[in-house]
Amino acid sequence: ARTFRGSPMPGNRATFRGPQDGVRERGHGSSRAVPDDIEAFLREHNFDDRARDALLAEPMEVQRMVVERGSLATRKNPSSGLITRIRDAKQAFRAGS
């Protein structure tokens with residue numbers, strides 16, 4: 001059985017989970033698989049929906065920059081740490097572009 005997270009409105013992103021599918025992101029008319037390392041990072045932490053969705057909304061390069069910094073498991077609030085990492089990675093990505 002698939003579970004649905006997110007808004008089904010056109011143009012919004014939605015995340016579907018299926019037992020054999022892993023995590024998939026769908027938005028703006030396309031569907032893409034979340035790479036194993038990103039999926040494992042998300043499973044390892046108890047991120048809130050806002051932080052999780054913020055990571056999945058970013059380009060793959062930004063996602064990888066965030067994950068390559070390592071675990072957030074020792075943080076008091078891993079979701080807050082993730083949002084901070086996303087912000088930092090976006091700035092670094094733009095500076096390198």
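Trainee: What makes Glu-39 and Arg-43 a salt bridge?

Mentor: Their closest N and O atoms are 3.0 Å apart. The rule asks for a side-chain nitrogen of Lys or Arg within 4 Å of a carboxyl oxygen of Asp or Glu, so the pair qualifies. Before we go on, this is a predicted model, where local features need pLDDT of at least 70 and side-chain atom pairs count only at pLDDT 80 or more, while totals for chains, interfaces and linings use all residues. Residues are numbered from 1 along each chain as its sequence is written, and side-chain values use heavy atoms, with hydrogens and water left out.

Trainee: Why would two such side chains pair at all?

Mentor: Opposite charges can pair when the charged atoms come close. Here the two residues sit four residues apart in helix α1, which means about one helical turn separates them.

Trainee: Is Glu-39 buried or exposed, and how do you know?

Mentor: Glu-39 has a relative accessible area of 11%. Buried means under 20%, exposed over 50%, and partly exposed in between (1.4 Å probe, protein chains only), so Glu-39 is buried.

Trainee: What makes Arg-69 and Asp-88 a salt bridge?

Mentor: Their N to O distance is 3.7 Å. Arg-69 lies in the loop between α3 and α4 (78-96) and Asp-88 in helix α4, so the bridge ties together parts 19 residues apart in sequence. Salt bridges with shared partners also join Arg-69, Arg-87 and Asp-88 into one network.

Trainee: How do you know what counts as a helix, and how many are there?

Mentor: Helices (H or I, at least four residues) and strands (E, at least two) are DSSP runs, numbered from the N terminus. The protein chain has four helices and four strands, running β-β-β-β-α-α-α-α from the N terminus on.

Trainee: Which residues touch the most other members of the largest nonpolar core?

Mentor: Ile-38, Phe-41, Leu-42, Phe-47, Leu-55, Val-66 and Leu-82 do, out of 15 residues. Helices α1, α2 (49-57), α3 and α4 each supply at least two residues of this core. A nonpolar core is a set of buried Ala, Val, Leu, Ile, Met, Phe, Trp, Tyr and Cys residues joined through side-chain atoms within 4.5 Å.

Trainee: What does Leu-82 touch?

Mentor: Not counting residues up to four places away in sequence, Leu-82 touches Phe-41, Phe-47, Ala-51, Arg-52, Leu-55, Val-66 and Leu-72. Contact means heavy atoms within 4.5 Å.

Trainee: Where is Leu-72, and is it buried or exposed?

Mentor: Leu-72 is in the loop between α3 and α4. Its relative accessible area is 2%, so Leu-72 is buried.

Trainee: Why are α1 and α2 called roughly antiparallel?

Mentor: They pack at about 170°, with their axes 11 Å apart. Angles under 35 degrees count as roughly parallel, over 145 as roughly antiparallel, 65 to 115 as roughly perpendicular and the rest as oblique, so α1 is roughly antiparallel to α2. The axes are lines fitted to C-alpha atoms, for helices over the stretch in contact, and angles run from 0 to 180 degrees between N-to-C directions. Where the two helices meet, Ile-38, Phe-41 and Leu-42 in α1 face Arg-52, Leu-55 and Leu-56 in α2.
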